[in-house]
Amino acid sequence: MKPLVLSRCAAANALGLGCESTLAALRESRPGLRPNDFETARLDTWIGRVDGLEAGPVSGRLAEFDCRNNRLAELGLRQDGFADAVAAAKRRYGSHRIAVLVGTSTSGIHETELAYRRRDPATGALPPGYRYRHSQNVYSVAEFVRRYLQLDGPAAAISTACSSSAKVFASAHRMIEAGFADAAVVGGVDSLCLTTLYGFGSLELLSREPCRPCDAARDGISIGEAAGFALLERPDAGGGAVLLLGYGESSDGYHMSAPRPDGAGVRQAMGDALARAGLAPENIDYINLHGTATPANDRAEDAAIHAMFGGAVACSSTKGWTGHALGAAGITEAIISALCLEHGWLPGSLNTREIDPAFKSRVVLAGEERRLRHVLSNSFGFGGNNCSLVLGTAAR
Amino acid sequence: MTQAYLHSVGAIGPGVPDWSAARAVLRGERACEPAPAPQPDAAVLPANERRRAAASVRWALAVALEAMTAAGRRPGEVATVFTTSGGDGETLHRTCETLAGVEREISPTRFHNSVHNAAAGYWTIAAGSRQPSVSLCGYDASFAVGLVEAASQVQAEGVPVLLVAYDIPYPQPLQAVRPFTHPFAVALLLAPEPAPGTLARLRIEIAPQEAEPTPFPGALPGELAGTPAARSLALLAAVARGEKATVRLGYLDGCQLVVDSAAWS
């Protein structure tokens with residue numbers, strides 16, 4: 001496929017605010033997880049919380065969008081000179097020619113969770129001031145981003161659980177190819193809420209300690225929250241060190257909340273991403289795993305990777321650093337992959353002490369300086385929804 | 001200009017149990033009799049999943065299956081785009097009710113049913129499909145948002161795509177803040193090339209918001225106009241009449257979707 005350049009990225013996650021802080025935390029070994037202290041969630045688990053969201057409401061012309069998820073979106077949009085880069089792109093293309101595609105799994109559902117505590121005792125009605133459209137609705141975060149950046153082109157919220165913000169890259173590429181847009185703002189925003197904390201708790205998929213991807217004793221995920229954005233343009237139009245070279249998408253067609261054990265759907269997504277990039281498995285220097293640290297996910301992903309790549313490619317999961325940002329995991333890990341390509345860093349799989357002896361792929365435990373040319377990033381979601389991205393350095 | 005051929009349609013709503021009924025109503029060949037909302041049984045699902053699937057999922061799967069059957073294709077053989085404004089309201093309501101209580105025990109099934117891509121998950125399981133699937137939301141413009149994604153896939157990937165749009169009313173107290181009352185679901189099988197039986201050629205463009213959207217077809221109950229997925233009916237009316245028509249669909253702030261529909265066979 002014709003590559004697109006990531007001409008600007010912005011990140012806000014448990015490792016820090018901005019791309020530089022995110023990379024520095026990985027390099028200087030400053031993990032982002034803490035014991036759960038979110039709202040009233042009494043669950044013995046660890047979380048990747050972004051500081052300051054409780055204190056900083058969305059204000060000004062977009063005040064009606066105020067909710068934890070849109071606060072996080074705004075915090076992300078304020079990083080890395082992102083809004084300025086979009087403003088410059090707007091001058092080149094026109095505001096109606098830049099698409100906005102934002103992934104989220106739960107959008108502003110926490111606002112509804114809070115509203116349900118304040119229902120009218122007589123009628124059951126939700127409290128006055130609850131704004132469904134601007135918080136709970138899945139499109140809310142995409143509408144917020146589109147209005148914050150004052151764009152007038154096509155837009156969508158993509159919500160395929162934990163693959164949401166990897167799939168935004170695929171949709172953006174198609175939209176540009178089909179002529180609906182000349183450039184795209186892609187991103188993902190997911191914030192902590194009771195639904196996902198208690199929901200993953202009900203599935204017994206929450207770790208009681210910081211999650212340990214690929215570890216023999218791994219026992220579940222640590223939920224995180226994050227916002228991430230990338231401005232995608234044709235390489236001749238925008239400058240940037242990293243290209244989107246390929247994407248691959250598939251379904252497991254197997255189970256709503258468990259991955260297909262043989263990893264066949266994952267293999268298909270990775271294979272399609274390589275095919276679109278025109279690359280062979282041996283061209284990939286590093287795989288950023290979905291690596292959630294649930295027993296089933298990591299086992300199926302290992303099977304798929306070994307079947308396609310053998311045991312040579314360096315793999316790691318960065319979920320031990322950031323937590324699992326669910327609908328924002330895809331963009332967060334795409335940005336981490338881009339930073340690693342640009343700055344020659346290969347992150348280790350944090351908290352992994354003893355690699356599952358059944359695993360056959362090469363899981364890297366300690367970070368190292370390493371020049372990378374091509375990185376593959378995996379994201380899988382409930383409903384058996386898989387997406388793989390291939391990124392590469394622009395100077396190849 | 002992005003182009004796609006419309007191979008087949010599935011539709012379900014109060015008084016219009018399938019596309020042939022909807023088509024007859026939209027052509028003015030029969031009236032839309034007031035009828036309670038149908039209760040699709042999602043027979044395409046294996047027994048376990050049928051028991052677990054929420055109402056919105058049944059609606060989505062009913063039209064998906066109808067469109068694939070009408071085109072003479074196996075259910076799982078094409079990529080899918082699912083789009084809905086609100087997913088499953090009953091699941092959302094029960095989840096928030098539980099989380100507002102003292103014992104916050106959500107059932108695992110309710111949790112996996114709460115994802116916006118639940119219908120897509122059930123569909124790919126029912127069909128044993130490994131095809132790519134995306135699930136979207138555009139609030140009131142969810143149908144148009146889905147149509148843009150589906151048309152992008154048809155044009156850029158050169159593959160057939162099944163677009164499924166569905167919206168089921170929320171229970172109270174959520175219905176008060178998201179007030180639409182009539183369920184509706186529609187599926188369009190779109191492809192890069194025509195085939196025997198192709199209904200229309202669609203050419204789709206995003207344009208500045210300079211003209212009024214095409215009115216909701218008068219042959220259907222006016223209350224249905226509030227249902228996001230039923231915004232498709234302005235386009236389906238042109239398809240049903242087999243006319244060449246330019247349909248303007250409400251899209252996002254500052255722009256609209258202009259669809260040129262031309263009868264094909």
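Guide: Of the 396 residues in chain A, 68% are buried, where a residue is called buried if 20 or more other C-beta atoms lie within 10 Å of its own, exposed if 12 or fewer do, and partly exposed in between, with the C-beta atoms placed from the backbone. This is a predicted model, in which local features need pLDDT of at least 70 and side-chain atom pairs count only at pLDDT 80 or more, while totals for chains, interfaces and linings use all residues. Residues are numbered from 1 along each chain as its sequence is written, and chains are lettered from A and ligands numbered from 1 in the order in which they are written.

Along the principal axes, the C-alpha atoms of chain A fill a box of roughly 60 × 50 × 40 Å.

Turning to the partner, 53 residues of chain A are in contact with 57 residues of chain B, contact being C-beta atoms, placed from the backbone, that lie within 7 Å. Among the elements that give two or more residues to this side of chain A are β6 (155–158), α6 (164–177) and β10 (242–251). By class, the side of chain A that touches chain B has 22 nonpolar, 22 polar and nine charged residues; here Ala, Val, Leu, Ile, Met, Phe, Trp, Tyr, Cys and Pro count as nonpolar, Asp, Glu, Lys and Arg as charged, and the others, Gly among them, as polar. β6(A) is also joined by two bridges to strand β3 (residues 133–137) of chain B, and these strands run antiparallel, with Leu136(B) as the bridge partner of Ile158(A). Two strands pair if DSSP finds at least two bridges between them.

The largest nonpolar core has 242 residues, of which Ala184(A) and Leu61(B) touch the most other members; such a core is a set of buried Ala, Val, Leu, Ile, Met, Phe, Trp, Tyr and Cys residues joined through C-beta atoms within 7 Å. Helix α3 (residues 55–70) of chain B gives the largest share of this core, 10 residues. Beyond its neighbours within four places in sequence, Ala184(A) is in contact with residues including Ile98(A), Leu101(A), Met175(A) and Leu232(A).

Two loop residues of chain A deserve a look beside each other. Most residues other than glycine have a negative phi. Ser29(A), in the loop between α1 (19–27) and β3 (34–35) of chain A, has a positive phi near 60°, and Ser29(A) counts as exposed because it has 11 C-beta neighbours inside 10 Å. Leu326(A), in the loop between α10 (319–322) and α11 (329–343) of chain A, has a positive phi near 50°, but Leu326(A) is buried, with 32 other C-beta atoms within 10 Å.

How values were computed. Contact = placed C-beta atoms within 7 Å. Helix = DSSP H or I, 4+ residues; strand = E, 2+ residues; numbered from the N terminus.
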